[in-house]
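Open the structure in your viewer and keep the selection panel handy.

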Amino acid sequence: MTQAILQLSEIEKAFPGVKALDKASLNVYPGRVMALMGENGAGKSTLMKVLTGIYSLDGGAIRYEDKPAAFKGPRDSQQAGISIIHQELNLIPDLTIAENIFLGREFTTPFGRVQWDKMYAEADKLLARLNVKHSAKTLLGALSLGEQQMVEIAKALSFESKVIIMDEPTDALTDTETESLFKVINELRDQGCGIVISPTA
Ligand SMILES: Nc1ncnc2c1ncn2[C@@H]1O[C@H](COP(=O)(O)OP(=O)(O)O)[C@@H](O)[C@H]1O
Ligand SMILES: [Mg+2]
């Protein structure tokens, strides 16, 4: 039996008047795709936000790579190798695709100059992997919602994540985009990534 890479145990989270999570547990295994099912309001998005530290937890424990984990925010969890693609996108319309993917961690020379060519080339590779037919120099705001979601996914790929969690990824995607997404999900799984998909109910 493979060891879980990520363990959420008996997580509790309440908002004023609502118990969003009542001892919710979830184990994520390397090389496996898992679906997190539950009707609207069941607490799926809240569980993801507790994991990345957007919300504090009221009870329970998180273990990642066999150690207790408490992430300070999505940036922190992403650096540790856990990428979450949220239902609500976190992208900036006035920046290019490449700038969005590498925001805050642009490739620079030892003298601090941004290596634009390298950044665009890397971003173009990620887009090709996802079968997105746009140059990485395109402004994000020119893309459809589904395409913007693919950019979020490209960003997750760029972190070489060990765990990728997708909160309702297919909601905004066309059939072709969904197909490309599932192809990449299978690739990532075969590379040993642990994947959680929380599908649209
Ligand atoms: N920031 C918040 N403040 C207050 N209540 C919230 C907040 N986020 C979620 N909730 C409530 O917590 C419950 C779980 O919501 P959510 O995690 O979004 O469910 P799901 O993603 O499974 O649809 C719902 O009753 C929702 O209204
Ligand atoms: Mg949700």
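Before the first stop, one cut-off: a residue counts as buried when its relative accessible area is under 20%, and as exposed when that value is over 50%. Keep in mind too that this is a predicted model.

**First stop: Thr-52**

Select Thr-52, which you will find in helix 1, residues 44-52. Is Thr-52 buried or exposed? Its relative accessibility is 1%, so Thr-52 is buried. Now show its side chain and look for the backbone oxygen of Lys-49, which the side chain of Thr-52 reaches at 3.5 Å. Next, display the neighbours of Thr-52 from beyond four places away in sequence: Phe-71, Lys-72, Gly-73, Pro-74, Ser-77 and Ile-84.

**Second stop: helix 6**

Move on to residues 175-190, the 16 residues of helix 6. From first C-alpha to last, helix 6 reaches 23 Å, close to the 22 Å expected at 1.5 Å a residue.

Colour its buried residues: Glu-177, Thr-178, Ser-180, Leu-181, Val-184, Ile-185 and Leu-188. Then turn the view to look down the axis of helix 6: these buried residues fall within an arc of 160 degrees, so they line one face of the helix.

What covers the buried residues of helix 6? Show strand 3 (33-35), helix 4 (116-129), helix 5 (145-158), strand 7 (163-167) and strand 8 (194-198), which are included in that cover. On the other side of helix 6, pick out Asp-175, Thr-176, Glu-179 and Asp-190, which are exposed.

**Last stop: Gly-192**

Finally, select Gly-192, which follows helix 6 and has a positive phi, near 100 degrees.

Definitions and conventions: Residues are numbered from 1 along each chain as its sequence is written. Chains are lettered from A and ligands numbered from 1 in the order in which they are written. This is a predicted model: local features need pLDDT of at least 70, side-chain atom pairs count only at pLDDT 80 or more; totals for chains, interfaces and linings use all residues. Side-chain values use heavy atoms; hydrogens and water are left out. Helices (H or I, at least four residues) and strands (E, at least two) are DSSP runs, numbered from the N terminus. Buried means under 20% relative accessible area, exposed over 50%, partly exposed in between (1.4 Å probe, protein chains only). A polar contact is a pair of N or O atoms within 3.5 Å; within protein, one must be able to donate a hydrogen and the other to accept it, and residues adjacent in sequence count only if both atoms are side-chain atoms. Contact means heavy atoms within 4.5 Å. The expected span of a helix is 1.5 Å times one less than its number of residues. The arc is that of the directions from the helix axis to the C-beta atoms.
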